[in-house]
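Please read them alongside the sequence and the structure.

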Amino acid sequence: MLLACFCVQMSAQVKAGDIISGQVWDDFDPLMMCNVVEIDHNNRIVAHGTTDINGNFSFAIKNPKDKIRISYIGCQTVELPINKKAFGKIVLKSNTVIQDVVVTAVRKSQSTGLAIPMDQIATASQSIDMKEFEGIAMTSVDEALQGRIAGLDIVANSGDLGAGTTIRLRGVSTIHGNQNPLVVVNGNPITVDNGFDFENANDERFAELLQVNPDDIESITVLKDAAAQAIWGSRGSNGVIEIKTKRGVKGKTRVRYNYRLTGNWIYKRYKLLNGDDYTMYMKEAYFNPRQESSFADKSSSDFIPEIAYAPEWAEYNMYNDNTDWVDAVTQFGLLHSHSINLSGGGEKANFRVSGGYDTQSNYIIKQGMDRLTTNVALDYNVSDRIRVSTNFDFNYTNRDLHNTGDAIGVAQRKMPNLSIYREDANGNDTSEFYTMNYWITRQTGVYAASTYLQDQYDMVNPVAKAYNSSQKTTQLILRPEFIFRYDILGTQPEQHQLRYEGQIRFDISNDESSSYVPGWLSSSTMFSDNYNTSSASNSKSHSMSTRHMLTFTPHLKEGHSLMVMGRYDYGQGNSSNQSTGKRMMPTTADITSTLAGGVISSFDSGAGHSKNQNLTFQAHYSYKGRYSVTGVLRGDCTTAFGPDRPWGFFPALSGRWNISKEPFMEKVKWLSMLSIRPSWGYSGNAPGGDLWRSKYTTGPSYMGASSVIPNNIRLAGLRYEKKQSFQVGFDFGFYLDEKHTKTIDGNVDIYTSKVTDLLQNGYGIPTSSGYTSLSTYNDGSLRNEGWEFNINANRFIKFGDFSVDFNMSFANNRNRILSMDATCLDGLNDEFNYENKQYLSRVQLNNPLNSIYGFRYKGVYAYSEYSDEEVEGLSGPNSPVVRNEKGEPIFDSTGAPKMMYFNYGGASQYAFVGGDAIYEDINHDGQINELDIVYLGSSLPKITGGFGTRFHYKGWELNLQFNFRTGF
């Protein structure tokens, strides 16, 4: 009997391949199209079925140890063990009634590395959600950050479309190389061509560093101190801007279209002279120094017909106008921005597909830009432990600038009495543009062109250049990426967790540019180097990078938390470029390509290859959220150095004490946050190129055969440029009402950083070595010090449906050069050339980098002749005479006062006269020369920052943001 029962039980057991069946109901009827799936222990679907019109299902199972999951929209999901073949009637309960639950959300860092809770972050970083910029028109990320990040100073390079910006975070950390922060998108640095010359880069090149559609951005985090930047090692010394883009979320497919129309124009701050006033002032300027009017004497060789109103001159009508050049080269520009995205997902897969198209006409005439961006983000959960993600970015930009070369600056300096168009004998404009050509004007008409206005002849008519020259650039960028994530251990907070994440990414870029300037625009002969010039260039680069990361989060006793991360990165890249320049092109408007006939004026090509790898370790420990400490150690290895010293190591340590979470602060209900954050760390910078390899070039011929000679000195002893930073920060937050809807939060940071082993270019060496200089050399140090203040107020004003948000940031940075070898200083400093309107570019110890040096201006000499008492119209004490330290005039042996000279005894010697500027004679030697050049001040602003308000009323919002730089 017992044996029979055992046999019956064995026959009833479920095994792989058996067919299971059942019927699914809700509270009233059978459910059709209900999902019934078999899931394994990793939550992967291994078999599935669907209910028919009567709610019945059946399918073959893979493993009896798995479970079946039954789900239907509007009903609660049910999971059952596979312990029988026939499940009978299964009733799903309605999902419309939900029990009250309490959800505690923990905001975590969006930065690369460990996902640390925001209230435990000990480094100096600032994050902004892009929702805060809704309603603000912008074409790039830098426009969004202006005035919002304390310590981030952003200045437009020029008014040209797509020219980008100069970005400095906490001052300048290097003299040569890239001084802009590292831009990271979804954990991947946006790279540029290997060996790219940042120091002499043009405006367009910097723009590509921020080729991300603002509509695709979810949040931006800026890493400021070395403790935060250390995770990026030798690439993060200038700061890091980390961008996280949007991804799909579970739910029905959502389609969103956005259109923005933005107007832009230039505000005319300078009040410029009209043509008549300009002519009068010019006459006074030429008359006052010599008190004579030979410039207006038609029989004199000093006659200046351009300002003399001489009707018999052939060009007279073109110099008898009142032209507003700034108004002529500017217009009201428009930006049309279109963006569309589709997002959604289910239990397994989430997706987001977006596309953006911008077309813009600039406020400078004839400048236009078109940009197309697309982004595809896909996340697929193979199981609860395995996720596969892909990203694909495509960016295409086409710019047609026409008028380049500082059109606004030229318009502000161009003679306003000059006509834009050539005029007929009656003074009426023709359709032909007029351009000042010195060589033609000198040989036509009664009078020759004046040599005094050569600088005006060198400035091309900006309106004519806009309509007749050409400069086009196109840029194509592709960035595909694949990510694999696997939770090796537990997936719940009460379990030990170990996660692996692997990634591979490709970065492909192709840039092309071309330009053409017809010869008639210039003031040159047809045989000169800049007559009918055409140029074309292109550059290509592609790189591959891979990352492998392990993150371990053990489950510790209550109150303790620990996270440890190890990461390995490897990357390699290749680049190539070529350029061609031609002059004396055919004088035909339709032939502008360098493929046409002409004289080759330049031809260049190059290639680059680089490899790098790095190891990063990061650990974070916290006790009850009150005390936190974070440590980072990164090692970088690059082919820029030789095999003897390829690695550089960058450690960092930071801590945080949340005072507001202490038990003795529990009674302070109005305080949401009060903390202290000290930090210390190293970041660095590496040179570009393979500097330790020997390179060779063609040398002199011998016996009819060419020789090969060394072209460089191998640099095997170079070191990383390192920046050591100390900082202390304070976070604070307040509740303004009992419901905690009105809040104020902010932070204050005080920092100091020192950069050592500065990378110098062109270090001079004795020529007996066979070379004049070393391409790169380590020497010198500089320091940056400053403070930052940032505050945000949420709904700090609220009346019914109306509320106001407010944000404000201020920052101060002071820079100082501490040490530098005399040879390096000589290489950075030029000799003063004594030319008028020139200034001296200089680097000097104990002064800020990019300081301003020159003669100290003291006013204007009133008279040419000296006398103790003023004789009106003749002489006076305010005249150009030599004075001693007490300010007393110095007389010669005859009793006559010694006159003040500029560069006495030199080729440009000049005796000052009444009407000239007074410059301080620092050494009282009776002349103004290079010994009187002094430090005039720093080019750095004393305060940078911004402020903004956001008004809310029901479904309406008004977002205003302002930024400023002051205190030069």
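Strands here are DSSP runs of E, at least two residues long, numbered from the N terminus. This is a predicted model, in which local features need pLDDT of at least 70 and side-chain atom pairs count only at pLDDT 80 or more, while totals for chains, interfaces and linings use all residues. Residues are numbered from 1 along each chain as its sequence is written, and side-chain values use heavy atoms, with hydrogens and water left out.

1. D805 belongs to strand β37 (residues 802-819). Its relative accessible area is 13%, which means that D805 is buried (under 20%; exposed is over 50%, partly exposed in between; 1.4 Å probe, protein chains only).

2. F392 is located in strand β19 (residues 386-400). With a relative accessible area of 35%, F392 is partly exposed.

3. An open sheet of 5 strands has the order β8-β13-β14-β11-β12, with mixed pairing (at least two DSSP bridges between two strands). β8 (125-129) and β12 (188-189) are at the edges, each with a single partner strand, so one side of each has no neighbour in the sheet. β8 runs antiparallel to β13 (residues 217-223), joined by 5 bridges. S127 has T221 in β13 as its bridge partner.

How values were computed:
Helix = DSSP H or I, 4+ residues; strand = E, 2+ residues; numbered from the N terminus.
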